[in-house]
Structures are given as structure tokens and as C-alpha cells.
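Please look at the sequence and the structure below.

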Amino acid sequence: MIKIIVSDLGNVLIPFDYRKAIHRFNEVEKGLGEKFADFAAKNYDLHRAFERGDIGEDAFLEKMLLAVDNKVDRITFCRFYSEIFTENTEVTDLMPILQKHFRLVLLSNTNGIHQRFGWQQYDFLRHFEKLILSHEVGSVKPEEKIYRAVETYTKALPEEHIFIDDVAAYAEGAKQCGWDAIHYTDPASLKHELAKRDLLKI
């Protein structure tokens, strides 16, 4: 029996679009946005290491500021890099409904900059009793450790968890740990999958 609904954050609850950041860098200097995007694409391992907590914020920012020729200061970079999210209210509106019957936990690959400058102000977060964040637990999806960090917190059996994520490999990672999982594609199909399991009780 499912007791805990675990949800991803980015592209489930808050879609993100890095084109917003590219546009803002280009407003500083023509082509700077494309330079940022090219560096980020070629250095994805840097982004991943930052999400896992393998490198600190200062080291990450030093490299990223070099990538944009130090044309912006640290705070401006953090804002451009993080103000890329919008709330998916069709999904976030489900959280208070689900909270009536299930424990809610958030599980996200994220970093401290995005947390402070991008999403921590969203009101829907209050419906989650715990935020399990990659940079705080030293692991990223689909690594087993991050799912087990959820279980360590909930003190519940694997089969009592269900995970919602827009990345199929991350949903599969949860299944490999003995959880149920839903690969999120859109609000309507999510509602269908929850209702099919008798988890959505409106």
C-alpha cells in the first residue's frame, strides 16, 4: 500500500527554460548567452558535480563567471542562472489534495544557487514534509543512494513509496529500488495514473 508520494521538482512542479537565461546574458552583450549555453552543454559534468555536492558554490561560480568573461557579478549570474522557472499549477494544485491522504516528500536534483534564487519562494512547497535535495545528500538520481535517503527519512518500506519524475531513467531508478513510479509527461496523464492506482481522491 502506498503511503508516501515522492515528487520531482523541475519540469513536474516547476518547468524550467534556460532560454530565459540566454536572453538575459545576451542583453548584457550580444552572443554572451550563446557562450554561456555552449559552455554549459560542453561541461555538463560540472553541473552534475555541483548538483551532487562534489564541488562547492565558489568553485562552480568561478568557472561559470569565466565562461561569461566576468561580464556580470556573482549575484547577477545567480539570478540569470536561476530565474528560469514557472509554476505548473495543474500539478501543484494537486498537492493539498494528495496531502490529505498521503505523506508528501520532494526529491530533486538541484543545487544551492537554484534553491536560493530560483524556487524556494514557491508556496506549494509547504505541502511537502521534507525536501530531499541532491546537493545536500551527496547523490543524484538515478543513483540508488538518493532514493535510499528518502527511505531513511520516511522509515517506510520501499513498496510504500511512489515516485513522479519527468525523466524516464529517474522513474526507473525508483523502480529498481522497489518503489512504484510514474513517468510524468503532462498533468492529464499524471491524474490518470494516480487515479488508476486509487491515489487521487478528489
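Predicted model: local features only at pLDDT ≥ 70, side-chain atom pairs only at ≥ 80, totals over all residues.

Residues are numbered from 1 along each chain as its sequence is written, and side-chain values use heavy atoms, with hydrogens and water left out.

Helices (H or I, at least four residues) and strands (E, at least two) are DSSP runs, numbered from the N terminus. In helix α1 (residues 19–28), the residues A21, I22, R24 and F25 are buried, where buried means under 20% relative accessible area, exposed over 50% and partly exposed in between (1.4 Å probe, protein chains only). These residues cover an arc of only 165 degrees around the axis, so they sit on the same side of α1; the arc is that of the directions from the helix axis to the C-beta atoms. R19 and E27 are exposed on the face turned away from the buried side of α1. The buried residues of α1 pack against α2 (32–42) and α5, contact being heavy atoms within 4.5 Å.

Two packed helices are described by the angle between their axes and the distance between the axes. Axes are lines fitted to C-alpha atoms, for helices over the stretch in contact, and angles run from 0 to 180 degrees between N-to-C directions. The axes of α1 and α5 (residues 74–82) come within 7 Å and cross at roughly 140 degrees. On the α1 side the contact is made by A21, R24, F25 and V28, and on the α5 side by F77, R79 and F80.

Helix α5 also packs with α4 (residues 57–67), at an angle of about 85 degrees and with the axes 11 Å apart. That makes α4 roughly perpendicular to α5, a term that covers 65 to 115 degrees. From α4, E57, D58, F60, L61, M64 and L65 meet R74, F77, C78 and Y81 of α5.

In helix α12 (residues 187–196), the buried residues are P187, L190 and L194. Seen down the axis of α12, they fall within an arc of 60 degrees, so they line one face of the helix. A188 and K196 are exposed on the other side of α12. The buried residues of α12 pack against α6, α7 (95–99), β4 (161–165) and β5 (180–183).

Helix α6 (residues 89–92) contains T92. T92 is buried, with a relative accessible area of 3%. Leaving aside neighbours within four places in sequence, T92 is in contact with L13, E87 and F124.

How values were computed:
Parallel < 35°, antiparallel > 145°, perpendicular 65-115°, else oblique.
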